[in-house]
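Welcome! Please look over the protein below, and then let us walk through its features together, topic by topic.

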Amino acid sequence: MIKKEIPYAEYAHMGGSGTWGGNFPENAGIPGVKILDSDMEFETPFGITVPLMLFEIPAEMTGDHKTHVVLDIPFHGIFGLSPYDERHVERVFWVMQQAGVKYIIADGSGGGINPLLDPGDVIIPDDLIDHTKRHSEISRFTNKIVRMRDIVCPDLSKILYNEALKEYPRVFGRGTYAVDEPPRFETKAEIQRLYNEHADICGHTMMPEAALARAIGACYAGIYLVSNSAEGINPDWKRPIFDFYAECAPKFSRIVINALAAINPEIKECHCLDNLMEVPGTVQTKISAK
């Protein structure tokens with residue numbers, strides 16, 4: 001249902017294959033978490049969004065003892081396997097910008113490139129390599145320079161890491177995520193290229209999410225299940241990725257909700273917004289003149 005008024009929400013969850021296999025947020029089984037609205041579609045300059053949801057985390061379980069209202073985006077805002085360049089991600093980020101979102105936690109999965117990663121492990125990357133060929137719309141969200149230094153918020157990453165350790169025995173708190181274009185997986189030769197670039201995991205969703213999050217002035221971090229060994233890394237890997245999705249959904253749901261609850265803006269120490277740089281007036285005038 002198309003809604004005219006965008007609700008205010010400082011927190012957002014970009015759902016992915018980590019939570020996709022279950023009924024989020026109910027499957028987390030956390031008392032007090034309540035859905036406020038659902039099936040919310042919004043018209044944006046990039047088109048109509050997927051149906052979004054709004055839920056709240058009660059004050060008694062949050063770090064700042066205030067109710068956290070969360071805007072929930074299913075599967076990264078993408079309509080199934082439709083073309084990635086149809087600007088689905090831009091649509092939901094436009095809504096998040098209008099909603100006043102300041103903190104974004106994403107979940108997903110990917111292929112393990114680092115031989116130390118096994119299917120079933122969890123990784124919270126702290127950097128990325130972008131191999132997508134999408135036209136950037138970042139200037140539609142900000143007139144500032146988006147510096148990609150420390151693109152993943154260290155505060156949110158630390159929270160995710162601590163929450164993930166409650167659910168998984170093997171959690172890696174840093175690593176490089178290589179972003180390739182969906183919907184296909186990579187070839188063996190492409191994985192070898194990414195291995196040579198020192199990527200640890202590959203997937204399809206961390207960009208343009210991370211850059212757009214910074215463009216709207218929000219902190220961003222993501223947590224990913226290693227759902228398979230990337231092509232050529234472990235030829236003996238045969239377990240279907242969908243088995244992992246079904247198993248991880250309730251765990252990832254708990255991790256995400258508890259991490260969103262643990263965010264306390266009053267003790268925030270990151271410098272994410274310092275990397276959204278003002279353009280000097282004289283330079284801006286020259287740019288506008290062209």
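A nonpolar core is a set of buried Ala, Val, Leu, Ile, Met, Phe, Trp, Tyr and Cys residues joined through side-chain atoms within 4.5 Å. Buried means under 20% relative accessible area, exposed means over 50%, and partly exposed is in between (1.4 Å probe, protein chains only). This is a predicted model, in which local features need pLDDT of at least 70 and side-chain atom pairs count only at pLDDT 80 or more, while totals for chains, interfaces and linings use all residues. Residues are numbered from 1 along each chain as its sequence is written, and side-chain values use heavy atoms, with hydrogens and water left out.

**The nonpolar cores**

- In soluble globular proteins, nonpolar side chains tend to be buried together.
- The largest nonpolar core here has 79 residues, and the members that touch the most others are Leu52, Leu71, Phe93, Met96, Ile104 and Leu260.
- Helix H5 gives this core its largest share, nine residues; helices (H or I, at least four residues) and strands (E, at least two) are DSSP runs, numbered from the N terminus.
- Another core lies apart from it, with seven residues that include Ile113, Ala178, Ile191 and Leu194.
- Which residues is Leu260 in contact with, leaving aside neighbours within four places in sequence? They are Tyr11, Ala12, His13, Phe55, Ile57, His68, Val70 and Ile105, where contact means heavy atoms within 4.5 Å.

**An aromatic cluster**

- Rings of Phe, Tyr and Trp (its six-membered ring) pair if their centres lie within 6.5 Å; planes under 30 degrees apart count as stacked, over 60 as edge-to-face and the rest as tilted.
- Across the whole structure, a search finds nine aromatic pairs.
- One of these is the edge-to-face pair of Trp20 and Phe75, with 6.5 Å centre to centre and 65 degrees between the planes.
- Trp20 sits in the loop between strand S1 (11-14) and strand S2 (34-40), and Phe75 in the loop between strand S6 (68-73) and helix H1 (88-99), so their pairing ties together parts that are 55 residues apart in sequence.
- The ring centres of Phe242 and Tyr245 are 5.7 Å apart and their planes are at 85 degrees, so this pair is edge-to-face.
- Phe242 and Tyr245 both belong to helix H5, three residues apart, which is about one turn of the helix.
- Together, Trp20, Phe75, Phe242 and Tyr245 make one aromatic cluster.

**Where the cluster meets the surface**

- Is Tyr245 buried or exposed? Tyr245 is buried, because its relative accessible area is 8%.
- Trp20 is partly exposed at 48% relative accessible area, and Phe75 is partly exposed at 34%.
- Trp20, Phe75 and Phe242 form a nonpolar patch on the surface, with about 340 Å² of accessible area together.
- Patches are made of residues with over 30% relative accessible area and no salt bridge: like charges are joined within 9 Å, and nonpolar side chains (Val, Leu, Ile, Met, Phe, Trp, Tyr) within 5 Å.
- A salt bridge is a side-chain nitrogen of Lys or Arg within 4 Å of a carboxyl oxygen of Asp or Glu.
- Accessible areas come from the Shrake-Rupley method with a 1.4 Å probe; for residues, only the protein chains shown count as cover.

- Helix H4 (residues 206-215) is mostly covered, with 10 of its 10 residues buried.
- Among the buried residues of H4 are Glu209 and Arg214.
- Asp127, in strand S9 (residues 127-130), is partly exposed at 38% relative accessibility.
- Asp127 and Ala210 are 83 residues apart in sequence, and their C-alpha atoms are 9.8 Å apart in space.
- Not counting residues up to four places away in sequence, Asp127 touches Ile151, Val152, Gly175, Thr176 and Tyr177.

**Backbone details to look for**

- Most residues other than glycine have a negative phi, and most peptide bonds are trans.
- The peptide bond from Pro182 to Pro183 is cis, with omega near 5 degrees; Pro183 lies in the loop between strand S12 (176-179) and helix H3 (188-196).
- Met207 and Pro208 are also joined by a cis peptide bond, with omega about 10 degrees, and Pro208 lies in helix H4.
- Just after H4, Gly217 has a positive phi of about 80 degrees.
- His65 has a positive phi near 60 degrees, and its relative accessible area of 62% makes it exposed.
- Phe75, from the aromatic cluster, has a positive phi near 40 degrees.
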